[in-house]
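Trainee: Could we go through this structure together? I would like to start with how its parts pack against each other.
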Amino acid sequence: MHVGYDLFERVMPVVGGAGMYRSLAALPHVVADSVFLDGIFVCTGIVATGLLEGRSLRGHVLPNLRSVYLPTLRASVLTSSALMPLQFLSFRFLPVQLRVLSVNAVDLVWTAVVSFVSHGGGGGASDD
């Protein structure tokens with residue numbers, strides 16, 4: 001997250017701007033976080049969880065990734081959309097150093113939803 005947020009800040013700085021520019025610059029940060037980083041986090045979360053549960057990469061983790069990635073990503077996008085106002089406030093008013101902490105607090109809800117869906121609670125495949 002630190003690398004992504006630093007990159008967002010270099011591409012379109014929020015910190016150096018004033019007033020309306022800061023608000024307009026914060027919007028692409030929130031959208032980029034939801035569109036680009038969520039897909040990466042969903043994929044790595046499913047793979048890491050499977051491996052940490054002791055599952056084999058080829059026998060379980062990759063087939064599970066194929067079956068639950070899209071439903072989990074869909075749930076992620078919906079949850080991220082609901083949480084965007086909080087993320088906007090974080091990107092707009094907090095310095096870069098505090099954004100990860102703030103977004104991680106918001107992401108507790110996101111992680112719970114993504115975990116629920118990726119483990120079969122929201123229509124995704126489950127392998128107990």
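Trainee: What is the handedness of the crossing where helix 2 passes helix 3?
Mentor: In this predicted model, the crossing of helix 2 past helix 3 is right-handed.

Trainee: At what angle do the axes of helix 2 and helix 3 cross, and within what distance do they come?
Mentor: The angle is roughly 155°, and the axes come within 7 Å. Helix 2 covers residues 20-52, and helix 3 covers residues 57-93.

Trainee: Are helix 2 and helix 3 roughly parallel or antiparallel, then?
Mentor: An angle over 145 degrees counts as roughly antiparallel, and helix 2 and helix 3 are therefore described as roughly antiparallel to each other.

Trainee: How do the residues of the contact of helix 2 with helix 3 divide by class?
Mentor: In the contact of helix 2 with helix 3 there are 17 nonpolar residues, 10 polar ones and four charged ones.

Trainee: Moving along, at what angle do helix 3 and helix 4 pack?
Mentor: Helix 3 and helix 4 pack at about 155°, and their axes are 9 Å apart. That angle makes helix 3 roughly antiparallel to helix 4. Helix 3 also passes helix 4 in a right-handed crossing.

Trainee: Which residues make the contact of helix 3 with helix 4?
Mentor: On helix 3 they include V68, P71, A75, T79, L83, S90 and F91. On helix 4 they include R99, V103, V106, V109, W110, V113 and V117. By class, the contact of helix 3 with helix 4 has 13 nonpolar, eight polar and two charged residues.

Trainee: Let us turn to R99. Where is R99, and is it buried or exposed?
Mentor: R99 is in helix 4, residues 96-118. R99 has a relative accessible area of 0%, so it is buried.

Trainee: What does the side chain of R99 reach?
Mentor: The R99 side chain reaches the backbone oxygen of L94 at 3.1 Å. Leaving out residues up to four places away in sequence, R99 touches Y5, E9, V14, V15, H29, S90, F91 and L94.

Trainee: New topic: where is M12?
Mentor: M12 is in the loop between helix 1 (2-11) and helix 2. With a relative accessibility of 32%, M12 counts as partly exposed.

Trainee: How many residues apart in sequence are M12 and A25?
Mentor: M12 and A25 are 13 residues apart in sequence, and their C-alpha atoms are 6.2 Å apart in space. A25 is among the residues that M12 touches, along with Y21, P28 and H29, when residues up to four places away in sequence are not counted.

Trainee: Finally, how many helices and strands are there in the chain?
Mentor: The chain has four helices and zero strands, and its elements run α-α-α-α from the N terminus on. The C-alpha trace spans about 50 × 25 × 20 Å along its principal axes.

Trainee: What percentage of the chain's residues are buried?
Mentor: Of the 128 residues in the chain, 39% are buried. Among contacts with a separation of 6 or more, 65% are between residues 24 or more positions apart.

Definitions and conventions: Residues numbered from 1 in each chain as written. Predicted model: local features only at pLDDT ≥ 70, side-chain atom pairs only at ≥ 80, totals over all residues. Heavy atoms only, no water. Axes fitted to C-alpha atoms, helices over the stretch in contact; angles between N-to-C directions. Helix = DSSP H or I, 4+ residues; strand = E, 2+ residues; numbered from the N terminus. Parallel < 35°, antiparallel > 145°, perpendicular 65-115°, else oblique. Left-handed = near helix turned anticlockwise from the far one by under 90°. Nonpolar A, V, L, I, M, F, W, Y, C, P; charged D, E, K, R; others polar. Buried < 20%, exposed > 50% of the residue type's maximum accessible area, 1.4 Å probe, protein only. Polar contact = N/O pair within 3.5 Å; in protein donor to acceptor, adjacent residues only side chain to side chain. Contact = heavy atoms within 4.5 Å.
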